[in-house]
Amino acid sequence: MDRNKGINNSILELVGQTPIVKLQRITSDLPGNFFAKIEAFNPGHSAKDRIALHIVENAEKKGLLKPGDTIVETTSGNTGFSLAMIAMVKGYKCILAVSDKSSENKIEVLKTMGAEVHVCPANVPADDPRSYYETAKRIHKETPKSIYINQYFNELNIEAHYHTTGPEIWAQTEGKVTHVVIASGTGGTISGTGRYLKEQNPNIQVLGVDAIGSVIKKFHETGELDTKEIAPYKIEGLGKNLIPTATDFDVVDVYEKVADKEAALTARQLIKDEGLFCGYTSGAVIQAVKQYAAKGTFDKDSFVVVVLPDHGIRYTDKIYSDAWMKEQGFLN
Ligand code: PMP
């Protein structure tokens, strides 16, 4: 439905249907036509609203979730905010296991949004009982009438984007899209969107964005998890040190890796050039567009849609802080 027509019953009716805007300046020296799908227009300010709502509503349909029941997930990022929002509106309890690397401020906001937050040590292996993965699993097991979202290993993550993001891009571009450029974390966005678009037109190129320090690109190329690829990096929500089953690697044509510094500077340039105040991975995606262009991926007729995953407001203490940028050596 048209969200601006009449009155919506709840904020959850505003999930999805995000606008696409032509980029005016940031890609003007590249061959092709570039358009951005702005996921910050979701009520929770990120694409994660789509998967959170889809997974919760799927559980409701299966009779696994009734008001008063509990939603459990391991995240301090966007999925946590989306789940906390949905839990508030629908009357569920929301329990999040987060790492102690998460900022105090994020944890405070999640608590204010009604979530119960368990802070777990980041520097233990994933299978350690204290890790946030094991903590979430234990809470799920011990809590009757609870569901575990498990976004990295949940096929419904792909399905959410297959049913929404993909069809929206196809309709909004009237089938003119030739390339999409999409960040890969869990892989849900790129896999679901790419799968739908390729079913409409198999010539559409699905271009992935990964982080330097993550294993995703190499796995796509070799089919093997190469632990030598793993290194610390700053971009949150991009890439991973494991292989998520929520990524359908067959849908992706190629990946490009981006560095922390370039992604941060490009996110800041996105405000100056386009007035778009978006998150760190949005900078990564535009940086990847520049790298793809330098490799000759596009020509003057290319119709390129990039997905900008979230809003800039969650990064005011990081890429939008000059002090932080200087500490990292990204600014003089
Ligand atoms: N950008 C941000 C800010 C995210 O939080 C995520 C989710 N991890 C992504 C991009 C990647 O999206 P996906 O998980 O669908 O691959």
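Reader: How many of the 14 residues of helix 1 are buried?

Author: This is a predicted model in which local features need pLDDT of at least 70 and side-chain atom pairs count only at pLDDT 80 or more, while totals for chains, interfaces and linings use all residues. Residues are numbered from 1 along each chain as its sequence is written, and side-chain values use heavy atoms, with hydrogens and water left out. Buried means under 20% relative accessible area, with a 1.4 Å probe and protein chains only. Helix 1 is mostly covered, and its buried residues number ten.

Reader: What span does helix 1 reach from its first C-alpha to its last?

Author: Helices are DSSP runs of H or I with at least four residues, numbered from the N terminus. Helix 1 covers residues 48–61. At 1.5 Å a residue, the expected span is close to what the model gives, which is 20 Å.

Reader: Which residue just after helix 1 takes a positive phi?

Author: The phi in question is about 75 degrees. The residue just after helix 1 with this value is G63.

Reader: Which helix supplies the largest share of the lining of the second largest pocket?

Author: A pocket is an open set of points on a 1 Å grid over the protein atoms alone, where a 1.4 Å probe fits, with protein on both sides within 12 Å along at least five of seven lines; lining residues have an atom within 4 Å of a point. The lining includes R50, L53 and H54, along with A160 and H163. Helix 1 and helix 5 each supply at least two residues. The largest share, six residues, comes from helix 1.

Notes
Expected span 1.5 Å × (residues − 1). Buried < 20%, exposed > 50% of the residue type's maximum accessible area, 1.4 Å probe, protein only.
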